[in-house]
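Grab a pencil and work through these exercises with the structure open beside you. Try each task before you read its solution.

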Amino acid sequence: MSEKPNKIEKVSIVISKGSLDGVYPGLIMANGARMEGIEATVFFTFFGLEAVMKKRAHKLKVATVGNPAMHMPTILGSIPGMSSFATSMMKKEMEKIDIPPVDEFIEMISDAGAGLYACKATVDMFHLTQDDFLPQVDSVINVGTFYEKSAGAQIIFT
Amino acid sequence: MAIKDIAGVQIELDDEGFMTNPEQWNKDIAKALAAEEGISELTDKHWEVINFVRQDAKEKGQVPTIRRMNKVGGIATKELYALFPNGPAKKAAKVSGYPKPQDCV
């Protein structure tokens, strides 16, 4: 007789990419966790930090170069305005299925009770301060603290 | 699919205990379903959510997302999580007599 596997109780999601398509999967997973009553922590690192920066969060773009799944030759993807065009298309489709823009999504995930943290190494590297971040960011933490906060959690790197 | 007697009515439920026919719903059933989810008392705030879910689902043919409850229904996300802990969208749908939401957000 096999026992039923344990329910996932806690997740820690690392968001390390700063493109729109790099940021959304982690946000959807964090929000989805909270919707299932799963405890969630989100750690923004390297370019992923853009998702929680006041001046950047609403400006993230889809990368149209270097992504074979865009089905677009590099030379076309690099034309000025192509990334903005792909971004506005994607945003339109997301709005249709009620997925919020990044800054609103961050607020929603925070209101849902997830902890949002910025990576200290990246903050130091880019000379940022707490002031650069959306108010929903709980604090700037180092990787050690990230692991402490992740005790008992499944860690998901995106 | 199962039939269960809830609040004196024979209710059709799916495998996860969600009602499959919202027409069978009434307030006593809501109270009984809420109790199953560990919500011992439905306050006015709960009823605000339930009434919005039922009205919106009837108009749109699907239960509202958390975002829609916030933007259209005026129900703050924090409050929704406090009213229906550990799975607000699912629990609100269940207590309101609708099937489990299928959306990702």
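pLDDT is the predictor's confidence in each residue, on a scale from 0 to 100. You'll need that here, since this is a predicted model.

**Exercise 1.** Work out what pLDDT chain B averages.

Solution. Start with the average: chain B comes out at a pLDDT of 94.

**Exercise 2.** Compare the reach of helix 3 of chain A with the span expected for it.

Solution. First find the helix, which covers residues 82-96 and has 15 residues. At 1.5 Å a residue, the expected span is 21 Å. From first C-alpha to last, helix 3 of chain A reaches 22 Å, so close to that value. Now step just past helix 3: D98(A) has a positive phi of about 65 degrees.

**Exercise 3.** Describe how helix 1 and helix 4 of chain A are arranged.

Solution. Two packed helices are described by the angle and the distance between their axes. Take helix 1 (residues 20-35) and helix 4 (residues 102-111) of chain A: their axes come within 10 Å and cross at roughly 25 degrees. Angles under 35 degrees count as roughly parallel, and therefore helix 1 and helix 4 of chain A are roughly parallel to each other. Their crossing is left-handed. Who makes the contact? Helix 1 brings V23(A), L27(A), A30(A), N31(A) and R34(A), while helix 4 brings V102(A), F105(A), M108(A) and I109(A). Sorted by class, that's seven nonpolar residues, one polar and one charged.

**Exercise 4.** Find how many residues of chain A are in contact with chain B, and which helix supplies the largest share.

Solution. Count the contacts: 14 residues of chain A meet twelve residues of chain B. On the chain A side, helix 1 and helix 4 each give at least two residues. The largest share, four residues, belongs to helix 1 of chain A. Finally, sort the chain A side by class: seven nonpolar, four polar and three charged residues.

Technical notes:
Residues are numbered from 1 along each chain as its sequence is written. Chains are lettered from A and ligands numbered from 1 in the order in which they are written. This is a predicted model: local features need pLDDT of at least 70, side-chain atom pairs count only at pLDDT 80 or more; totals for chains, interfaces and linings use all residues. Axes are lines fitted to C-alpha atoms, for helices over the stretch in contact, and angles run from 0 to 180 degrees between N-to-C directions. Angles under 35 degrees count as roughly parallel, over 145 as roughly antiparallel, 65 to 115 as roughly perpendicular and the rest as oblique. A crossing is left-handed if the near helix is turned anticlockwise from the far one by less than a right angle, and right-handed if clockwise. Two residues are in contact if their C-beta atoms, placed from the backbone, lie within 7 Å. Ala, Val, Leu, Ile, Met, Phe, Trp, Tyr, Cys and Pro count as nonpolar, Asp, Glu, Lys and Arg as charged, and the others, Gly among them, as polar.
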